[in-house]
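Hello,

Here is the structure I promised to pass on to you. Have a look at it first, and then read on for my notes.

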Amino acid sequence: MTFAAIVRKPIDPAHVMTLIGADQDGASILFLGVVRDHNDGRSVEGVRYDAYEEMAEQVIAEIVDEAVRVADTDRIVAVHRIGELRVGEISVAIAVSSPHRAEAYDSSRYIIEEIKKRLPVWKKERYSDGAEEWVEVRKPDAAPAPQAEGS
Amino acid sequence: MAPVAWMYDHVEIRTLFFASYKELLGTGELQLVLPEGATVSDLVSTLRSRGGAFTVLPTVPAVAVNMTYADPTSLLRDGDEVALIPPVAGG
């Protein structure tokens, strides 16, 4: 089974791992996106994620469905948290299990990259000097995205 | 004589703004009336022509129609929900 969701409560990685795994799977992996204490040389106190929630629910489910086709496993979970998060808290969790490691890694990587390109979620960082700013993600590569900006 | 647009059918569009666009415009939602045959691009032009903060919107922002990303040339239908999507930053 697959599971995809936008949530407001803290993400429990142990619980996420219980949703994947099967007797035929020899690989289980977990990716966590975590709020870090700095960005672009500024000290970050916390972040707020806003979403176009109804659309984000649809898009994250679509991305997971695509990952099923990419990796030939349907033991996939992707959860993105929104609202106020502190440094060290988990913003996104992706868990995949598959018979061999390559499919699990490919699928997990596909999901996080697509989330960064097209999930309608925005991040406002709060800095230690009291300032706040919406983050515009830079493009580290020229990967085609279905919209003007992405990463 | 009534303005030309009103002599033809028109479409009502629920327009949504998020994150930086919402803050910029001071609202998360506007109801717009456009002539039938209007496209996503026409909607953006109409918004920008309101002046003030609206002129700061990109000329070709990412747009979702009924929660699916849409091209500037996409035709709008009565009752559509159109969202202007600032650069996303999930993950």
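Is the crossing of helix 2 of chain A and helix 3 of chain A left-handed or right-handed? The crossing is right-handed. Please bear in mind that this is a predicted model.

Let me stay with that pair of helices for a moment. Helix 2 and helix 3 of chain A pack at an angle of about 150°, and their axes are 9 Å apart. Angles over 145 degrees count as roughly antiparallel, so the two helices of chain A are roughly antiparallel to each other. On the helix 2 side, the residues that meet helix 3 include A:Val59, A:Ile63 and A:Ala67. Among their partners in helix 3 are A:Tyr110, A:Ile111 and A:Arg118. The residues of this contact divide into nine nonpolar, one polar and four charged.

Next, the contact between the chains. Chain A puts in 27 residues and chain B 16 residues. On the chain A side, helix 2 (53-71), strand 7 (90-98), helix 3 (101-118) and strand 8 (121-127) each give two or more residues. Helix 3 gives the most, with four residues. By type, the chain A side that touches chain B has 14 nonpolar, six polar and seven charged residues.

Finally, a word on confidence. Chain A averages a pLDDT of 92, and 91% of its residues score at least 70. Over residues 140-151 of chain A, however, pLDDT stays under 50. The model has 27 contacts beyond four places in sequence for that stretch. Where pLDDT is low, the predicted coordinates should not be read in detail.

Best wishes

Technical notes: Residues are numbered from 1 along each chain as its sequence is written. Chains are lettered from A and ligands numbered from 1 in the order in which they are written. This is a predicted model: local features need pLDDT of at least 70, side-chain atom pairs count only at pLDDT 80 or more; totals for chains, interfaces and linings use all residues. pLDDT is the predictor's confidence in each residue, from 0 to 100. Two residues are in contact if their C-beta atoms, placed from the backbone, lie within 7 Å. Ala, Val, Leu, Ile, Met, Phe, Trp, Tyr, Cys and Pro count as nonpolar, Asp, Glu, Lys and Arg as charged, and the others, Gly among them, as polar. Axes are lines fitted to C-alpha atoms, for helices over the stretch in contact, and angles run from 0 to 180 degrees between N-to-C directions. Angles under 35 degrees count as roughly parallel, over 145 as roughly antiparallel, 65 to 115 as roughly perpendicular and the rest as oblique. A crossing is left-handed if the near helix is turned anticlockwise from the far one by less than a right angle, and right-handed if clockwise.
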